[in-house]
Amino acid sequence: MLVTLSFMWQAEKDILTLVASLIGVTALIFVAKGYVIGQILTVVFAVFYGIISFYFKYYGEMITYLCMSSPIAVVAVVSWMKNPFENSAEVKVKRLTKKRALIIGASGAVITVIFYFILCALGNASLVLSTVSVFTSYVASALTLVRSRYYGLAYAANDVVLIGLWIAATVQDRAYLPMVICFTVFFANDVYGFYHWSKMEKRQEKRQK
């Protein structure tokens, strides 16, 4: 409702931002519940979001979502389908080990450095925020793939960065306001996702014991 109202309020409307925002918000609701349909919708959102980012010269966002987040989400679909909790629609939550956290963090840092130079060469708008977004997006996607409850915190951090990016875009073109609202709602959903997955993890472990 918030996304749609922000779209209707604008004199200049970009239907693509509305569609992408609604798909993205819906995806996160299902992801927060641990349902694989959320990952499938995330793939669809990544395609729409990549196109929107291209038009505003947020090449980092375009490359990140089309070449990194989307493929990881596809693999996550397979992983989640293979790991349901007791044959239910809910995915089995997995505890994050220190070794895995270190691997994700280190690989994310390397990828971010590489992307920084690529974005410099492409003349990316809002270079600093876009570079930070690469790191947070990668970490969040990786944590989602390994079914860790901390995915919600990583995506919430990414949402804060993206809110800043799209506020900058909205200053230049108010048609992008729905994207600001979109990622604000994303932030709320991702915080809830961490809370709900924490409860899921405890409940599943208790059930297994």
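R95 forms a salt bridge (a side-chain nitrogen of Lys or Arg within 4 Å of a carboxyl oxygen of Asp or Glu) with E201, and their closest N and O atoms are 3.6 Å apart. This pair links distant parts of the chain, since R95 sits in the loop between helix 4 and helix 5 while E201 belongs to helix 8, 106 residues apart. Helices here are DSSP runs of H or I with at least four residues, numbered from the N terminus. The model is a predicted one, in which local features need pLDDT of at least 70 and side-chain atom pairs count only at pLDDT 80 or more, whereas totals for chains, interfaces and linings use all residues. Residues are numbered from 1 along each chain as its sequence is written, and side-chain values use heavy atoms, with hydrogens and water left out.

**Salt bridges**

The structure holds 5 salt bridges, and three of them are listed here.

| Pair | Closest N and O atoms |
|---|---|
| R95 and E201 | 3.6 Å |
| E205 and R95 | 2.7 Å |
| R207 and E86 | 3.2 Å |

E205 lies in helix 8 and R95 in the loop between helix 4 and helix 5, so this pair ties together parts that are 110 residues apart in sequence. Through shared partners, salt bridges join R95, R149, E201 and E205 into one network.

How exposed or buried are these residues? The terms rest on relative accessible area, where buried means under 20%, exposed over 50%, and partly exposed in between, with a 1.4 Å probe and protein chains only. E201 is buried at 4%, whereas R95 is partly exposed at 49%, and E205 is partly exposed at 24%.

**The cavity**

A cavity is a set of points, on a 1 Å grid over the protein atoms alone, where a 1.4 Å probe fits but cannot get out, and lining residues have an atom within 4 Å of a point. A search of the whole structure finds 1 cavity of 30 Å³ or more. The largest cavity has a volume of about 200 Å³, a volume being the space filled by probe spheres set on the points, which are joined across faces, edges and corners. Its lining has 19 residues, of which L28, T42, F45, Y65 and Y155 lie nearest the centre of the cavity. Helix 4 supplies the largest share of this lining, with 5 residues.

Definitions and conventions
Helices (H or I, at least four residues) and strands (E, at least two) are DSSP runs, numbered from the N terminus. On a 1 Å grid over the protein atoms alone, a cavity is a set of points where a 1.4 Å probe fits but cannot get out, and a pocket is an open set with protein on both sides within 12 Å along at least five of seven lines; lining residues have an atom within 4 Å of a point.
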